[in-house]
Amino acid sequence: MIYLDHAAATPVSKKVFEAMVPYFSTDFFNPSAAYLPAKKVAHDYTEAKGVIAHAIGAKASDLIITAGATEANNLAFTSLTVDSAFFGHTQGRSAKPMFLKKQNPTVLYLITEHDSVRHVAERYGGEAIRVLPSGIIDLADLRSKITDETELISVSLANNELGTIQPLAEVARIIRDVKIDRMKRGIKTQLLLHSDASQALNLLDINVARLGVDLLTINAAKIYGPKGVGALYVSHDARLKPLTFGGGQENGLRSGTENVPGVIGFAKAVELAKEHLNGNRKKYANWRKVLLSELQGYELINKKHMLDNFIVLCYNGIDAERLVFLLEEQGVYVATGAACAASKGVKSHVLKAVGLSDEQIAGSLRLTLGETNTEEQIHQVTQIINKIIKNEYFRIKQS
């Protein structure tokens, strides 16, 4: 197997799994219980949160543990002060919540965001910020769309389909200027910056202060940790509302018995990611050069400002979904875009936003490198892809 879809999922590393095992069996206690073994587990849980928080320049008390990035992204939007009376429902069996829009939206979000940001932003009547053909945020468009009612702006640190790294510090500077102007005019409306950094934790040196974010989503499942575990960094300026109610865990924002094994695994995965960050980046950048030099007949979609392990290619006139099937037959696993979109047969809103035609989108492949790969595999996969592409063009020509 040659696995080139690490943006969709990563295997749990051996060291991560070993760190988790005791908390499934011998140290299985509920952290809220009063006896000593449970208190030890509670201590280990807090220590693990501290390790995760430290990796992004925060404290354990700044993190809310969630069941993954989707929940963390949704939780970030509870910072909005909008009244629930603004919500209504459409009629019928497939009723969906709708938002009765104000004249000016309170939410701005990057048009290329993951659906877990995009869909919740739309429910709050959010307005999309454009991107340039490179996939980078259009800062002029951002400035033009901020109004005195804007409360939350959501811009991912690195895109999940193109790997595009956004200039968050520049976005934060714009927001600071707006807040200063609001203060001078006596406008007290909050203005927060949220970022989904799920794809970036093991490939970028992340610090919440340097980025200037108020809310930051991170995810264990993308860094060789367990699935179903994520976290939301929350600054002192942000005030959230709980999505679940019960025992008051996670500062009252995420009630329920803590996922101790998951958080222990998350912490170990973070430790390993930080330890190997620079080495992995260099390795993936070199492998990327090899792939691009040996592959034939492609158009490169993401050319700069992206994570080192992302390669997005377009083979004009060839159906990428068919390529995925043909490559799977050869033991090679790649993607056509975000896994959640591909499984529904939906065209990528990300590739559309950067100006690709329907034909280009239909022929686009996403390859994401990771720790399961070797240099030998990189050379092997270029030969396999080139052979399949040659056969496909011959087949199309003959038909």
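**Notebook: strands and helices looked up**

I began at V312, which stands opposite R366 in β14. The model I am reading is a predicted one.

Three strands form an open sheet in the order β11-β12-β14, with antiparallel pairing. I noted β11 (299-300) and β14 (364-368) as the edge strands, each pairing on one side only. Helix α8 (residues 260-294) lies across β11 and β12, and I read its angle to β12 as about 15°.

Next I turned to strand β10. I found five bridges between β10 and strand β9 (residues 215-219), in the antiparallel sense. In that pairing T217 stands opposite L232 of β10. Strand β2 (residues 63-66) also runs antiparallel to β10, joined to it by four bridges. Here I noted G230 of β10 as the bridge partner of T66.

Is β10 buried or exposed on its two faces? I found G230, L232 and V234 buried on one side, and A231 and Y233 buried on the other. Side chains in a regular strand alternate between the two faces of the sheet. Five of the five residues of β10 (residues 230-234) are buried, so the strand is largely enclosed by the rest of the structure.

Last, I checked helix α4 (residues 115-123). Its buried residues are D115, S116, V117, R118, V120 and A121. Among the elements covering them I listed α3 (69-76), β5 (107-110), β7 (152-154), β8 (192-196) and α11 (349-353). Just after α4, I noted a positive phi of about 75° at G125.

Notes. Residues numbered from 1 in each chain as written. Predicted model: local features only at pLDDT ≥ 70, side-chain atom pairs only at ≥ 80, totals over all residues. Heavy atoms only, no water. Buried < 20%, exposed > 50% of the residue type's maximum accessible area, 1.4 Å probe, protein only. Pairing = 2+ DSSP bridges. Contact = heavy atoms within 4.5 Å. Axes fitted to C-alpha atoms, helices over the stretch in contact; angles between N-to-C directions.
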